[in-house]
Amino acid sequence: MIDVPVLSIDISKSKSVAALFKGYQESVSKPFPFLHSPSDMSRLTDILLKLESETGKRPHVVMEATGNYSKPITTYFQDAGYKVIVLNPLQTHAEKKSVRKVKTDPIDANRIA
C-alpha cells in the first residue's frame with residue numbers, strides 16, 4: 001500500500017465534491033463541494049500545495065472516469081504536475097455498500113479515496 005496524500009473527487013457536471021486525506025484513512029477535511037471554475041480549481045491547487053508542504057509528499061488526485069465531465073479536471077491536475085488516478089466507475093460501483101439508490105457525493109468522495 002502506498003501511503004501518500006490524496007485529493008479524492010466525485011465528479012459531476014459542473015460542481016463536484018472533494019475530500020482530502022494525509023494518508024490511508026487519515027482524513028484532513030470533511031468532503032466539500034467545488035465548481036469547475038478557474039477560481040475554485042486554483043483554490044484546490046492551493047490546498048494541494050499546503051498539503052504537500054505539511055506532509056512532504058506530492059499528493060495524488062483520484063477520481064472516477066465520468067466521460068466528458070472528468071476530462072477537463074484530469075487535464076487540469078496533470079498539467080499542474082499531479083499524478084491523476086482515474087478509476088473505472090464499474091469498479092467503484094462494486095465497492096458501494098448501500099442497497100438503496102441515493103445521491104451520496106460526500107460519501108462517494110471518501111469511498112473513491
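Buried residues and aromatic pairs in a predicted model

Leaving aside neighbours within four places in sequence, Ser70 is in contact with Ile11, Met63, Glu64 and Ala65. The model discussed here is predicted.

Q: What makes Ser70 count as buried?
A: The relative accessible area of Ser70 is 4%, and since buried means under 20%, Ser70 is therefore buried. Ser70 is found in helix 2, and a polar atom of the Ser70 side chain lies 3.0 Å from the backbone nitrogen of Thr66.

Q: Why are the buried residues of helix 2 said to line one face of the helix?
A: The buried residues of helix 2 are Ser70, Ile73, Thr74 and Phe77. Seen down the helix axis, these residues fall within an arc of 100 degrees, so they line one face of helix 2. On the other side of helix 2, Lys71, Pro72 and Asp79 are exposed, while what covers the buried residues includes strand 1, helix 1, strand 5 and strand 6 (83–87).

Q: Why is Tyr76 called partly exposed, and what makes Phe77 buried?
A: Tyr76 has a relative accessibility of 29%, which lies between the limits of 20% and 50%, so Tyr76 counts as partly exposed. Phe77, at 0% relative accessibility, is under the 20% limit and therefore counts as buried.

Q: Why is the pair of Tyr76 and Phe77 called edge-to-face?
A: By the ring-pair rule, the count comes to two aromatic pairs. In the pair of Tyr76 and Phe77 the ring centres are 5.2 Å apart and the planes stand at 85 degrees; the centres must lie within 6.5 Å and the planes over 60 degrees apart, so this pair is edge-to-face.

Q: Why is the pair of Phe77 and Tyr82 described as edge-to-face?
A: The ring centres of Phe77 and Tyr82 are 6.3 Å apart, which is within the 6.5 Å limit, and their planes are at 80 degrees, which is over 60, so the pair is edge-to-face. Phe77 and Tyr82 are both buried, and together with Tyr76 they form one aromatic cluster.

Q: How do you know that Arg58 lies over the face of Tyr82?
A: Arg58 is placed at 3.9 Å from the ring centre of Tyr82, and the distance limit for a charge over a ring is 6 Å; Arg58 is accordingly listed as lying over the face of that ring.

Q: Which residues have the most contacts inside the largest nonpolar core?
A: The largest nonpolar core has 17 residues, and those with the most contacts inside it are Leu7, Ile9, Val61 and Phe77. Two or more residues each are given to this core by strand 1 (6–10), strand 2 (15–23), strand 4 (32–35), helix 1 (38–55), strand 5 (60–64) and helix 2 (70–79), and the largest share, four residues, comes from helix 1. A second, separate core of six residues includes Val6, Ala19, Phe21 and Leu87.

Q: What does Val61 touch, not counting residues up to four places away in sequence?
A: Val61 touches Leu7, Ile9, Leu48, Phe77, Tyr82, Lys83, Val84 and Ile85.

Terms used:
Residues numbered from 1 in each chain as written. Predicted model: local features only at pLDDT ≥ 70, side-chain atom pairs only at ≥ 80, totals over all residues. Heavy atoms only, no water. Phe/Tyr/Trp six-rings, centres within 6.5 Å; stacked < 30°, edge-to-face > 60°. Buried < 20%, exposed > 50% of the residue type's maximum accessible area, 1.4 Å probe, protein only. Lys NZ or Arg CZ within 6 Å of the ring centre and 35° of its normal. Core = buried A, V, L, I, M, F, W, Y, C linked by side-chain atoms within 4.5 Å. Contact = heavy atoms within 4.5 Å. Polar contact = N/O pair within 3.5 Å; in protein donor to acceptor, adjacent residues only side chain to side chain. Arc of directions from axis to C-beta.
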